[in-house]
Each structure stands twice: as C-alpha cells, then as structure tokens.
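The following note sets out some points on the structure shown below.

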Amino acid sequence: QVELVESGGGLVQPGGSLRLSCAASGFTFSNYVMSWYRQAPGKQRELVASITSNGRTVYVDSVKGRFTISRDNGKNTVYLQMNSLKPDDTADYYCTCPTKDSWGQGTQVTVSS
C-alpha cells in the first residue's frame, strides 16, 4: 500500500525558508518520479516541482531560483527546500508519486508577517 507523509510546513515571515519532507513507503521509491504540488485558497492545485529517479528536476516558473527539490533514495524521502518565501507561496503543499496516483495528506505553509 502506497503511503506518502508530508511534514515541515508552518508559519514563516516573507523572505524566510522552510524545508518540506515527504516520506514514502509501499513502493520502490527510487524508480519513480516524485512531485510537489500546492493549492492556495480558492485556486486550483498546481505543480511546483518534480524530480526524476535519476535526479533531473523541473520547476514552475514562479519558484525557479527559490525552491529546490531533492530526494534521498536511501531514506525513501523527497524534499522541497523553499527559500525567499513570499505571501503568494501560501498554500497547502502535497507530495505525490504521479505514476502511482498517490497523494499525501498535505502540509500547510503560511507566509505572513
């Protein structure tokens, strides 16, 4: 059974940083693309970043240069390092394995002074 558990969200001031983690289980993590999505209040869920099994990454334009997705296949964990956070980054952040169509429960990120 596929399980994805996010952690690391919280309240941060503009310009601050957070690191989200997503612990995966129930599948061979190292073989699959992993992604982070986010959904802001009143908006559709959007792709933030993805990382392939061999570490290639893609980002939505709005986070390029500020966010970094990474993975530790030994720990079955994918990370999202978020720097220079802006109020527009406020959202619920979700980890997913697109191929497995599995989602975590989400972790809330609030950027506010």
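1. In this predicted model, Tyr94 counts as buried, its relative accessibility being 12%. Its ring pairs with that of Trp103: the centres are 6.5 Å apart and the planes stand at 75°, so the arrangement is edge-to-face. Trp103 itself is partly exposed, at 34% relative accessible area. A further contact to Trp103 comes from Arg45, which lies over the face of the ring at 4.6 Å from the ring centre.

2. The Tyr94 and Trp103 pair belongs to a set of aromatic contacts, of which the structure holds four pairs. Another of these joins Phe27 and Tyr32, with ring centres 5.7 Å apart; because their planes meet at 70°, this pair too is classed as edge-to-face. Phe27 has a relative accessibility of 11% and therefore counts as buried. Together with Phe29, Phe27 and Tyr32 make up one aromatic cluster. Phe29 also has a charge over its ring, as the charged end of Arg71 sits 4.5 Å from the ring centre.

3. One disulfide is present. It is formed by Cys22 and Cys95, whose sulfur atoms are 2.1 Å apart. Cys22 belongs to strand β3 (residues 18-25) and Cys95 to strand β9 (residues 91-97), so the link ties together parts that are 73 residues apart in sequence. The angle about the S-S bond is -70°, and the link is left-handed. Both cysteines of the pair, Cys22 and Cys95, are buried.

4. Cys97 is buried, with a relative accessibility of 0%.

5. Strand β3 also takes part in an open sheet of four strands, arranged in the order β1-β3-β8-β7 with antiparallel pairing. The edge positions are held by β1 (3-7) and β7; each has a single partner strand, so one side of each lacks a neighbour in the sheet. From one strand to the next, the twist averages 15°. Within the sheet, β3 and β8 are joined in the antiparallel sense by six bridges. Ser21 has Tyr79 in β8 as its bridge partner.

6. Between β7 (67-72) and β8 (77-82) runs a loop that contains Lys75. Is Lys75 buried or exposed? With 58% relative accessibility, Lys75 counts as exposed. Its C-alpha atom is separated by 31 Å from that of Asp88, 13 residues apart along the chain.

Technical notes. Residues are numbered from 1 along each chain as its sequence is written. This is a predicted model: local features need pLDDT of at least 70, side-chain atom pairs count only at pLDDT 80 or more; totals for chains, interfaces and linings use all residues. Side-chain values use heavy atoms; hydrogens and water are left out. Helices (H or I, at least four residues) and strands (E, at least two) are DSSP runs, numbered from the N terminus. Buried means under 20% relative accessible area, exposed over 50%, partly exposed in between (1.4 Å probe, protein chains only). A disulfide is a pair of cysteine sulfur atoms within 2.5 Å. Two strands pair if DSSP finds at least two bridges between them. Axes are lines fitted to C-alpha atoms, for helices over the stretch in contact, and angles run from 0 to 180 degrees between N-to-C directions. Rings of Phe, Tyr and Trp (its six-membered ring) pair if their centres lie within 6.5 Å; planes under 30 degrees apart count as stacked, over 60 as edge-to-face and the rest as tilted. A charge sits over a ring if NZ of Lys or CZ of Arg is within 6 Å of the ring centre and within 35 degrees of the ring normal.
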